[in-house]
Amino acid sequence: MEWNVAFLQEIQEAYASLADLTMVLVDEEGKRITDVSFKDDFSRLIFKRHRAREKLVHVIEQLGTLTNAVLMDSVSGAKFILSPIRVSDKLTYFLFAGYIFDESSRSFVQKYMETIEEKTSNVACTLATVSESSEDEKRNKVDLVRKASDIMSDYLTMAEQKSQNKKKFRVIQQSLEKAREDGGIADTIMKDILSTNDQFDFIGLALEMKEGKGHYCVKFIEGEHADWMKDHSFVLGEGFLGHTIAIEQFQFWKNASLDPRHHLYTLKGMNIKNLFCIPVYGDHQIKGVYFGGSYETDLTEKEVREHAHLKASVLSIVMTAKSLRSDLQNHLMELSTFNEIFKVITSVEDIKRILYILVDISINVIRGPFSCIISKPADDQSKVEIVSRGLTAEEINDYGADAARRVSNRNVHDLDISHPEVHQTSWGEKVLEFPLVFNDHFYGLLCVGCHMKNDPENYESFLSSLAVAGSISMHLHHHDRSSLSSDYVFRMLRKILSQIGPEKYERTMRVKELTEDFTAHVDKSLTEILSQASLLVEYNGDIANELIRNEEVKSVLSEFFHREEQKAFSNKASEILALIYSYVTAGERMEEAAGMSLISQKLKNQFVDYISHQHVIESNIYLPAQEVAGKPAAGKAVRKDLKELTQLSTREADVLKLVLKGYSNMEIASELFISDHTVKNHMTKILQKLGVTDRSQAIAKVYKLGYSPAEE
């Protein structure tokens, strides 16, 4: 506890003077917390020579349940006052005040002191420093001591709560820092939580087991008599913990020992008085239950509920952070892995080796029972070849023959390359079949088996991108590499990025949008080059060198990817690309991009002017009706561009134009190389900005504003 002894000393001195009594604050063992405030020589003599601490401890032990200030007789016959001081309702200190004489006690005190003092001549002088008190004066002194102890109790309670709050916030900070560093829940966090809540004798956390939903296990436990609970498992609805998860609500048992579910705890030596349980969430789903309780302390539901909700929230944040960190790491690993795969399979000359690479990678990613590629040889379209891992000869003949018949009858225009078909083998295994299609040519199927309990959506985007990469590589070996058009390569790379890196894809498209618009203002000759180069800013230089034929684009990207290693840009296009990429990755905060030392001040100024102009154009300006009277303001051109008419973003305007043409969400996604989910998000924002509720109202609103497709 952190408190100011000087403040307590001042309170004690003030009330010692008011009551004309010697005072001192002591703990349960008689140890002095404050210095003694002496008011007479008799008190000095007693405290100096007559083992005052031992005698006081003896009195305190007899009055352990003291609730109010009491007037007591000492062995000498002099009276003193002892007042309890509670800190957070716990008896912690005592305020001693003495001594008090009355008519009947003075003579007895004198005789007692003369029997134990060597110099009896000094006794009378010492006693003379203490005046006699009437009954009213005694009651007044008791009241003053009680007030002093109340003030001290309030102050110490406040200091205790402040100290506890500091500890709680420190634990929260440490927990969040732990989540930031490694996303885990350590035993030290649970120990810190327990240490900041003295009213609890034990706390714990049970989490869902990997074996399946509805099964849980106690992963963390701290406190006396609770070690046996570590790794204790239970199912949904079982016991106190399972019951809380089942009803998804905070639970508090005032007398848990009376509940029949307490029998297990009794057998293990835990006689629980108060028990609480609260669900812990992660990614909007219950991940476990946080629990705790006391053996003897009587807790109130209000204070326990406040603690439980706070700590459960912290634990939820920690677990959610861990999940997000894991998802991000997996995503980055997939993107990095794909980059490496793409480099390898586009450089390998042996087509068989490419097929084996695709099979090996796919079976390892999904950890399924088998993977195979069924393809049509370039020199004989009348037969099919099968390369497989994990299939026996009998299984190849069974499943392979069935898949081969489907391959031989495929029309490339009937295939959906965005999503796999799901089939099932005769022995019950689920199979994801990804078509290998490039430039309207069907090369075969990538077939990946997965266990029935696995959700194929977890692997679909990566395997789909792998199939695209395989299709390109197979095409390169069936045709001369030079026949691969740059436009198609850019389109496929953009599609791959949209599937395995949605955030990077959105960032890339924003860089492309700003780059094209900015160069249209400052140097139109760079627009086409930068339009292509901007699509590769989230890849790496190796992929650019391998696939891009345009030397100007390769030069721009080379300087862009090595910008950290040089002192200045020699290529203006690279400089523009670096500036806009920095601006977008910094959350479109101009001050971040403006701080780049490699960028010339002239280009920075041009870009600042451009951004400022963009912001002005996209502002809403309303004029009074009597001024405009249905006519445009003087000097202002009538705006007919869809983006300006509707105040939509560039991407939202692109989506709306396709809506006006009658495209479905799936067709819009395919046309703009974005996901169905992204299209839905754009449509929601479009309807909100237009103030309508559906597509038909949106179309009507656009034409009502005066838009005409012929003007675009």
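Predicted model: local features only at pLDDT ≥ 70, side-chain atom pairs only at ≥ 80, totals over all residues.
Reader: Over how many bridges do strand 3 and strand 4 pair?

Author: Two strands count as paired if DSSP finds at least two bridges between them. Strand 3 covers residues 79–87 and runs antiparallel to strand 4, with S83 having L95 as its bridge partner there. The number of bridges between strand 3 and strand 4 is 9.

Reader: Which residue in that hairpin takes a positive phi near 55 degrees?

Author: Strand 3 and strand 4 make a hairpin with 2 residues between the strands. The residue there with a positive phi near 55 degrees is S88.

Reader: And which residue has the positive phi in the turn of the hairpin of strand 2 and strand 3?

Author: Strand 2 (residues 70–73) is joined to strand 3 by 4 bridges, again antiparallel, and M72 has F80 as its bridge partner. The hairpin has 5 residues between the strands. In its turn, the positive phi of about 100 degrees belongs to G77.

Reader: Is strand 4 mostly covered or mostly open, and how many of its residues are buried?

Author: Buried means under 20% relative accessible area, exposed means over 50%, and partly exposed lies in between (1.4 Å probe, protein chains only). Strand 3 is largely enclosed by the rest of the structure because 8 of its 9 residues are buried. Strand 4 (residues 90–100) is mostly covered too, and its buried count is 10 of 11.

Reader: What is the bridge partner of T22 in strand 4?

Author: Strand 1 (residues 22–27) pairs with strand 4 in the antiparallel sense, over 6 bridges. For T22, the bridge partner in strand 4 is G98.

Reader: Which aromatic residues form one cluster?

Author: Rings of Phe, Tyr and Trp (its six-membered ring) pair if their centres lie within 6.5 Å. By that rule the structure holds 23 aromatic pairs. One cluster is made of F38, F42, F47, F80, F96, Y99 and F101.

Reader: In what order do the 6 strands of the open sheet come, and which strands stand at its edges?

Author: The pairing in this sheet is antiparallel and the order is 7-6-5-10-9-8. Each edge strand has a single partner strand, so one side of each is left without a neighbour in the sheet. These edge strands are strand 7 (233–235) and strand 8 (251–253).

Reader: Is G293 buried or exposed?

Author: G293 has its place in strand 10 (residues 285–294). Leaving aside residues up to four places away in sequence, G293 touches F200, D201, F202, N274, L275 and F276 (contact means heavy atoms within 4.5 Å). At 0% relative accessibility, G293 counts as buried.

Reader: How far apart are the closest N and O atoms of R146 and D143?

Author: A salt bridge is a side-chain nitrogen of Lys or Arg within 4 Å of a carboxyl oxygen of Asp or Glu, and the structure holds 18 of them. R146 and D143 both lie in helix 6, 3 residues apart, about one turn of the helix. They form a salt bridge, and their closest N and O atoms are separated by 2.6 Å.

Reader: What is the N to O distance between E135 and K138?

Author: E135 and K138 are 3 residues apart in helix 6 (residues 135–182), so about one helical turn separates them. K138 counts as buried, at 6% relative accessibility. The two side chains meet in a salt bridge, with an N to O distance of 2.9 Å.

Reader: How many residues apart are D360 and R389?

Author: D360 forms a salt bridge with R389, with closest N and O atoms 2.7 Å apart. The pair links distant parts of the chain: D360 sits in helix 11 (residues 351–366) and R389 in strand 12 (residues 385–389). Their separation, in residues, is 29.

Definitions and conventions: Residues numbered from 1 in each chain as written. Heavy atoms only, no water. Phe/Tyr/Trp six-rings, centres within 6.5 Å; stacked < 30°, edge-to-face > 60°.
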